[in-house]
Amino acid sequence: MNKSLFVITSLVLFVVGLLLILNSVSWGHEAANGYLQSQGGSMDTAQFVIVLQEYINTYRWIGGILAVISGLGFIKAIELR
């Protein structure tokens, strides 16, 4: 793979990871509301809070993993130049 293409791809994936982390609360809330609606619109409050927290955590983990891996790839590609 071309080094400049790798650098650009790593940078774009890093930004996507940061966006996932920064928007995890709002996207997690939307996903939890979608889950609530799919369950008929009624759910115990404690159960909804757990679902909400897990959706938020999922977005944070995916964003964090993506940002770390692509950030390290970006740094390594810059070092090899």
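Colleague: Which residues count as buried, and what share of the protein chain do buried residues make up?

Modeller: Buried means under 20% relative accessible area, with exposed over 50% and partly exposed in between, using a 1.4 Å probe and protein chains only; here buried residues make up 25% of the 81 residues in the protein chain. This is a predicted model, in which local features need pLDDT of at least 70, side-chain atom pairs count only at pLDDT 80 or more, and totals for chains, interfaces and linings use all residues. Residues are numbered from 1 along each chain as its sequence is written, and side-chain values use heavy atoms, leaving out hydrogens and water.

Colleague: How many helices and strands does the protein chain have?

Modeller: Helices are DSSP runs of H or I with at least four residues, strands are E runs of at least two, and both are numbered from the N terminus; the protein chain has 3 helices and 0 strands.

Colleague: How is a pair of packed helices described?

Modeller: Two packed helices are described by the angle between their axes and the distance between the axes. Axes are lines fitted to C-alpha atoms, for helices over the stretch in contact (heavy atoms within 4.5 Å), and angles run from 0 to 180 degrees between N-to-C directions. Helix α1 (residues 3-22) and α3 cross at roughly 155°, their axes coming within 7 Å. That makes α1 roughly antiparallel to α3, since angles over 145 degrees count as roughly antiparallel, under 35 as roughly parallel, 65 to 115 as roughly perpendicular and the rest as oblique.

Colleague: At what angle do α2 and α3 pack?

Modeller: Helix α2 (residues 24-38) packs against helix α3 (residues 45-80) at about 135°, with the axes 8 Å apart, and the two are therefore oblique to each other.
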